[in-house]
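The following note comments on the charged residues of the structure shown below. Please read each point with the structure at hand.

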Amino acid sequence: MSKPAPKGRKKPPARYFDSATENADDVKHVKLKRKGQQNFTGDFVKMQAHYKMKKPSREEKAKFKTKDGETKKTQKQKIPQQLLDKYSRGDGVAASGVKTRHFKSQQERKEVYLEYATEQAARTELLLQEIPGQLEPDEEETTAMYRQSEIVANVDLQSAAKHFELKLDFGPYKMSYTKNGRHLLLGGRRGHVAAFDWVTKKLHCEFNVMESIAAVQWLHVPTMYAVAQKEWVFFYDQKGTELHCVKRLARVNCLDFLPYHFLLAAGNNAGYASWLDVSIGELVGNFNTGLGDIRLMRHNPGNGVLCIGGGKGVVSMWSPKVREPLVKLLAHSTAMTALTVDPKGLHLVTAGLDRTVKVWDIRSLHEKPLAMFRLRLPANELEVSQRGMLALSQGTYLEAYTNLMSGGGTGNSNNLPYLRQRCDSFVHGMRFCPYEDILGISTANGFQSLLMPGAGEPNYDALEDNPYETSKQRREHEVHALLEKIPPELITLDPHEITGVDAPTLQEKVDAKRQLFHLKPPRIDMKPRHKMKGRGGSVKTARNKQIVKDLQRKEFIAEVRKAKSSVIAAHKQRDLDNDLELEAGGDSTFKEKKPKPVRSVLDRFKPKPVKKPKK
């Protein structure tokens, strides 16, 4: 249908389609579309008319209006302060300290973005009403009734492939996972060493060192590992080639690695604790702890302190630069059998021959533990997962509990364990695999990989630990880790101590000033230059020595006098300032001290002041 001609103009000639639609009453005007939509006029127009949003009627608008006539706004649910504190990134930067207006507004916008991100992260947790990844039993059932075969039959194929068992003949075995949880290292007591990618089952190397092995440990990269053999500690690469032999680490029983300090910690049967810096190949600490044979040793991931358990039930914490223990904790009245620290570095878990397991707060170290539960038999191995799950073994029997603090124990029938497992032989090592729901167990007859749903952290930081890293990413990560290496001098109980300012106390200032008045001149040892024969004598040498000693003594005395005078002047100035403050405050008892007049020889000719007559 053509448009009507404007006034004053002739009607345009008729077109071929005008005659067909001239008398059609059911034809509606169609708005002309742009060139890209002209081929879809029929269907597109119908769809647009069908899905076109209708304007709300007056009745619908009235539903969303308040009494005042304003439209209602949807109110968001209030977020608890506890959740906001959990996801908070710390106190904001004060904009008052920024100089220019541009950077001040930029900082204010950044704080708004951070506050919004914190709120969104806390709001998403409101949707997580269930415990992630853990098993939920049916009615009249408990998770302790489930066996590994049942769990494997009900999970996906990829997870089921992570459950396997290795029968080996050179046990008992020790084990170690890499920091990203991808590679596994096994070491048998009778010399067998095997390193492989346990996910793909690809073997890196396997060999026999032909002597006994006490411990194995991965280093900062999955291409190097340490093996504590009968006499010394040896370093090997991924192909099994021997790289180093550290003879200063002799007869080592246990090994541990501090990834952020590049330190390999070792404890031997003579009671010596040693720290080897693998980046420079030097011992940064090596001294006798006086604890005897060291069998229980773990490092705290939070501050790098080494926790060593003794035969008297005492846990001592050590730093490589301090020859005395930083702190001692009497954990049990009997000898200790197991020791571990949780991955966050907050809790210490100990077990003893008294058949108890205790959980301690490392930050405060109170006299009483946070939690304690009893067992039927002493626990010989302890391990805590990234999600706070506790696993313990009693010989060949294994138990796992969902919460580290609640625990339970075989002696408590009301609090049953999360999962149970009976092994075919004695358990000699146990580790949770990082970022996986896997518990690795090394026994006298081999190795077992058990499924523990809900044990691992599902969200990993690829810049920190990447289980799927390539060789190029591994090299980049190694370089960055070396650049960000923490020196061993910073290993203390309180890692935040380095951020404080070491300001002298009032007592230290007073003692330093007192020492200025009791200083003695230092002893001066002068070694004269050797001269040729006939150029100088003993008398002349002695006289020169005495001259130099007198000059240095005079300089020392002059410096001490100058320091004394400065201290006295500072005190006088302070007294004068106090007097002026009292005068400004209007104190009636304050009397201004008149300056003493300057006396002269001619003062005798001045008339004497008239004395007041006595009443």
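1. A residue is called buried under 20% relative accessible area, exposed over 50%, and partly exposed in between. Arg-431 has a relative accessibility of 28%, so Arg-431 counts as partly exposed. Please bear in mind that the model is predicted.

2. Arg-431 forms a salt bridge with Glu-383, and the closest N and O atoms of this pair are 3.9 Å apart. Distant parts of the chain are linked in this way: Arg-431 belongs to strand β26 (residues 427-432) and Glu-383 to strand β22 (residues 381-384), 48 residues apart. Glu-383 counts as buried, because its relative accessibility is 8%.

3. A salt bridge also joins Asp-197 to Arg-182, with 3.0 Å between the closest N and O atoms. Asp-197 lies in strand β4 (residues 192-197) and Arg-182 in the loop between β2 and β3, so the pair ties together parts that are 15 residues apart in sequence. Asp-197 is buried, with a relative accessible area of 8%, and Arg-182, at 15% relative accessibility, counts as buried.

4. Lys-179 and Glu-464 form a salt bridge whose closest N and O atoms are 3.0 Å apart. Lys-179 is found in the loop between β2 (173-177) and β3 (183-188) and Glu-464 in the loop between β28 (446-451) and α7 (471-483), so parts 285 residues apart in sequence are tied together.

5. Which residues gather in a patch of negative charge on the surface? They are Asp-138, Glu-139, Glu-140, Glu-141 and Glu-150. Asp-138 lies in the loop between α4 (101-125) and α5 (148-153) and, at 54% relative accessibility, counts as exposed.

Notes. Residues numbered from 1 in each chain as written. Predicted model: local features only at pLDDT ≥ 70, side-chain atom pairs only at ≥ 80, totals over all residues. Heavy atoms only, no water. Patch = residues over 30% accessible without salt bridge, like charges linked within 9 Å, V, L, I, M, F, W, Y side chains within 5 Å. Areas by Shrake-Rupley, 256 points an atom, 1.4 Å probe, with all protein chains shown as cover. Salt bridge = Lys/Arg side-chain N within 4 Å of Asp/Glu carboxyl O. Lys, Arg positive; Asp, Glu negative; His and termini not counted. Charge placed at Lys NZ, Arg CZ, Asp CG, Glu CD. Helix = DSSP H or I, 4+ residues; strand = E, 2+ residues; numbered from the N terminus. Buried < 20%, exposed > 50% of the residue type's maximum accessible area, 1.4 Å probe, protein only.
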